[in-house]
Each structure stands twice: as C-alpha cells, then as structure tokens.
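Work through the exercises below with the sequence and the model side by side. Try each task before reading its solution.

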Amino acid sequence: MTDPQPIYRRGTLADLNRISEIGQLLNALHHSAWPEIFAPASRPQRDEAHWRQSLETASAAAFVAECDNEVMGFITINVVDEQHTDLAPVRRSA
C-alpha cells in the first residue's frame with residue numbers, strides 16, 4: 001500500500017484555523033532558535049488576522065498541502081510593487 005499523495009491547492013477561509021495552528025508550531029521553532037527576535041508561541045487565534053490577509057487580499061495568496069482531507073502545511077506570498085522615486089518600478093513577491 002502506498003502513502004496518500006498530498007494535494008496542493010489555493011487556501012480558503014475554511015483553512016484559516018489550521019493555517020493558524022501550523023503557524024504557531026512554526027513560531028515555536030523560530031522562538032526556540034531566536035528568542036531575541038521571535039515572540040513565544042501563543043494560541044492560534046493570535047495570528048488569524050495576519051493569515052487572513054493572505055486568504056482575502058488581492059495582492060497575496062496562501063497555498064496549502066492537504067493529505068487525507070487535512071491541511072498539513074502551507075505557504076503564503078505577497079506581491080509588492082516597489083515604487084520609489086530613485087528606483088525603476090519593479091514587482092516582486094515577499
């Protein structure tokens with residue numbers, strides 16, 4: 001028997017709770033390595049507004065990896081239009 005293959009798809013608001021939970025796991029790892037930079041992990045709801053932006057904003061997106069109907073991981077992107085008088089206009093992801 002083979003392991004189920006992950007499905008990759010665009011995240012939706014229905015994924016917000018799971019993204020927030022996974023975000024706290026990642027936050028805990030970051031905090032343990034760099035406590036002077038990263039805040040301690042907290043309850044998942046703390047960062048819902050942050051992750052919600054990736055799900056609802058036109059210049060951002062969240063993509064999830066799902067296995068057996070459970071979100072196992074995610075990635076977010078933000079598109080930024082750099083506009084400064086000293087620079088040529090450029091679009092990049094952050």
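**Exercise 1. What share of the 94 residues of the protein chain counts as buried?**

Solution. Start with the cut-offs: buried means under 20% relative accessible area, exposed means over 50%, and partly exposed lies in between, with a 1.4 Å probe and protein chains only. By that rule, 23% of the 94 residues are buried. The model is predicted: local features need pLDDT of at least 70, side-chain atom pairs count only at pLDDT 80 or more, and totals for chains, interfaces and linings use all residues. Residues are numbered from 1 along each chain as its sequence is written, and side-chain values use heavy atoms, with hydrogens and water left out.

Next, take the surface. The accessible surface of the protein chain is about 6900 Å², by the Shrake-Rupley method with a 1.4 Å probe. Carbon and sulfur atoms hold 56% of that surface.

**Exercise 2. Describe helix α1 and find the elements against which its buried residues pack.**

Solution. Step one is the span. Helix α1 covers residues 16-33, which is 18 residues. From first C-alpha to last it reaches 26 Å, close to the 26 Å expected at 1.5 Å a residue; the expected span is 1.5 Å times one less than the number of residues.

Step two is the buried set: L16, I19, S20, I22, G23, Q24 and N27. An α-helix has 3.6 residues a turn, so residues three or four places apart point the same way.

Step three is the packing. The buried residues of α1 pack against α2 (48-56), β2 (60-67) and β3 (70-82).

**Exercise 3. Which residues does P44 contact, leaving aside its neighbours within four places in sequence?**

Solution. P44 sits in the loop between α1 and α2. Its relative accessible area is 24%, so P44 is partly exposed. Its contacts are S20, E21 and Q24. S20 and Q24 are among the buried residues of α1. As for T57, 13 residues along the chain from P44, the two C-alpha atoms are 20 Å apart.

**Exercise 4. Is S54 buried or exposed?**

Solution. Locate S54 in helix α2. Its relative accessible area is 5%, so S54 is buried. Beyond neighbours within four places in sequence, S54 contacts A60, A61, A62 and T76.

**Exercise 5. Examine the phi angles of D68 and N69.**

Solution. Most residues other than glycine have a negative phi. D68 has a positive phi of about 50°. N69 has a positive phi of about 65°. D68 lies in the loop between β2 and β3, and N69 is placed in that loop too. D68 is exposed at 63% relative accessible area. N69 is exposed at 72%.

Key:
Helix = DSSP H or I, 4+ residues; strand = E, 2+ residues; numbered from the N terminus. Contact = heavy atoms within 4.5 Å.
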